[in-house]
Amino acid sequence: MKKSRIDVDLILKAVAENTELTKERVQKASKVLTEELDVGLAQTPYETVYKEDRVRLKYYRPERIKYNYPLLVIYALINRETMLDLQPGRSVVQTFLDRGLEVYMIDWGYPTRKDRFITINDHVNGYIDNIVDFIRDKHNLPKINLMGICMGGAFCVMYSALHSNKVNALVTTVTPTNFDTDKGLLHIWMKQLDMVRMADTYGNMPADLMNFGFLLLNPARLMLDKYVSFFENMDKKAFVENFVRMEKWIFDSPDIPFETFRQFITDCYQKNLLIKSALKLGDKTVELKNITMPLINFYGKFDHLVPPEAANQLTKHVGSSDTEDVCLATGHIGIYVSSKFQKEFAPRIASWLKERDG
Amino acid sequence: MTQSEQEQTFNTNMQEWMQSAMNLWKKMSTSQQRETFFSQPKTASFTGSQKTDQFFSSAMNMFQLAMSSLLEPDNLDTNFSKSDTISSASIEILKQVTESIMELQKQWIERFVRIGQETKAYSFDDMDKELFTTWKNIYEKEFQKYFQMPTIGLFRYYQERINTAVDKYNLFSEAMGEFLYMLYVPFEKSTQIYQKELENKMSQGEFNNNFKEHYNQWIRILEGHFMSLLKSKEYTEVLNQAIQTYVHFKKAKDDVLIDLLQQVPVPTNKEMDELYKDIYDLKQTVKSLNKTIRSLTSTE
């Protein structure tokens, strides 16, 4: 019987062609990487209107104001709020401004060791409450709209439950509220790993360690394939600019104040107190039934950090009769930055808020 | 035979044995690498890992250097001739080190005998952690006690803290080694599986010239392996162990640094934390008073 034969000539030819292509790509890439690149983040103009400790409040004014209630965006303490204004054409903030919505956004700054004693209560009933009061005073309004992202969304939920008279409508996006799930690796690890002691020895929870943990959620893609993809496309200027912009955002990560981190891990991840309306901030209990304002809750079907099971329980536990869950077929970050969801996410929020702007 | 001659004979034998052990390990390492690259892979054994080999080679080299230094005539005089007590202690330590190395070597040889056994793809409950366990046991049984010996004298407190830091570092290194090995295993398993696939195809005369497709297939297998690994109980345990030992080491190291910093005119973290706490409490009081004043003013 004749044994089939591998055509070694063809293989060698393919190797030679690949080598030639790689050589050309590296030559072009060398030019691209050494010329001026547009990799700036958060380029939409804003004004800093409030400062307290390390916290800043950014104000984005639209050309024509078409809403009665301004929107306060509260980002997580992990990574930075610049993700909502990544670049022209991929900016949630710009979409809101185009619709005539005034946007305020909290910049939590970079906590240092001196911030290690700051609690969730200090964030929610301190900074956020002070900022809400500042905006209400400035606009002479009894209420404003709130939008929270991830951990910032959890803060918004806590705030809305404790100060429901100051919130007109609440938007939660990729917000973990039910921590009793083993769907996401983060949920498994935060229950089993001794991260609180790790944070304690450092003073705060170091951002680099958090980022390393996030990379470990999918090492094959995030630590290897991503950079192989960069190598394959590094001769394309637009690709390089987008890639570097995302790299800048991902690794621009502040530390998390120890006491806040400790409480979030023990009370939320380990005891799941928030969804049970048993979480205490200072001497007050966060009762979800007090959330009586309209609520729209966005989450990602393929979110590996806040899986649907962690996000889709909130609307069932609040006191509001005007609630809506929106599941988008994307991941944790894709909701905000992917080109596809630029049309499905921010415009939908703007329309939803407009309907509740009376 | 005089005591000096006995020691000389022991030292010569020791050197020869060390050389022999090094040669054996070197051969084993070389043959295992060839096994991996040129023939069908047979096991997910970590003994093929160059990093692991380098680690132990390096440890051996360091040990050998330390031994050579100890055996230099000047040091011999110092270490052996002038004090019977020190000489006995040194020989006792040498004996224990030798026994430990022999034990490790025995484990290695046993592992090589087992080459040929298959490990399951996408499964991490059959990983052989024997070497790490053995090394940990040897450390805890034979070496750790030296770092836990009671310290005496004026500087006993500082010496104790230094010993603790060294001990914690050794435990962390062991845990980190095991964690890094675990991260390496998916690469080995994925490569083995893909090699097999390639071999099957090539034996049928099939070979895809598109290297990107080969990479895509391999990375998919690798991702699958990582997903299985990351969800496994074993991984969480090893990761937790690495974190805990690191936390213990960092705390012990920081304690030593704080001791040292007390001799220079800079504040330590401990002192600053006390100050930060005072500032935090004061700020909370001021903010609370401000709010009260504002609300009183607005109601007037």
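1. Start with where the two chains touch through helices: A:Arg197, A:Met198 and A:Thr201 in α6(A) meet B:Ile243, B:Val247, B:Lys250 and B:Lys251 in α8(B). Sorted by class, the residues of this contact are three nonpolar, one polar and three charged. Keep in mind that this is a predicted model.

2. The crossing of α6(A) and α8(B) is left-handed.

3. Now for a helix pair inside chain B. Helix α6 (residues 156–203) and helix α7 (residues 211–231) of chain B pack with their axes 9 Å apart, at an angle of about 140°.

4. From α6(B) come B:Met182, B:Val185, B:Pro186, B:Phe187, B:Lys189, B:Ser190, B:Ile193 and B:Tyr194. On the α7(B) side they meet B:Gln217, B:Trp218, B:Ile221, B:Leu222, B:His225, B:Phe226 and B:Leu229. By class, the contact of α6(B) with α7(B) has eleven nonpolar, three polar and one charged residues.

5. Next, backbone angles in chain A. Most residues other than glycine have a negative phi. A:Asn140 is not a glycine, yet has a positive phi of about 55°. You'll find A:Asn140 in the loop between α3 (120–139) and β7 (144–149) of chain A. Is A:Asn140 buried or exposed? A:Asn140 counts as exposed, because it has 6 C-beta neighbours inside 10 Å, and 12 or fewer is the cut-off for that class.

6. A:Ser277 is another one to look at: it has a positive phi of about 55° and is not a glycine either. A:Ser277 sits in the loop between α10 (258–270) and β9 (280–281) of chain A. With 15 C-beta neighbours inside 10 Å, A:Ser277 counts as partly exposed.

How values were computed:
Residues are numbered from 1 along each chain as its sequence is written. Chains are lettered from A and ligands numbered from 1 in the order in which they are written. This is a predicted model: local features need pLDDT of at least 70, side-chain atom pairs count only at pLDDT 80 or more; totals for chains, interfaces and linings use all residues. A crossing is left-handed if the near helix is turned anticlockwise from the far one by less than a right angle, and right-handed if clockwise. Helices (H or I, at least four residues) and strands (E, at least two) are DSSP runs, numbered from the N terminus. Two residues are in contact if their C-beta atoms, placed from the backbone, lie within 7 Å. Ala, Val, Leu, Ile, Met, Phe, Trp, Tyr, Cys and Pro count as nonpolar, Asp, Glu, Lys and Arg as charged, and the others, Gly among them, as polar. Axes are lines fitted to C-alpha atoms, for helices over the stretch in contact, and angles run from 0 to 180 degrees between N-to-C directions. A residue is buried if 20 or more other C-beta atoms lie within 10 Å of its own, exposed if 12 or fewer, and partly exposed in between; C-beta atoms are placed from the backbone.
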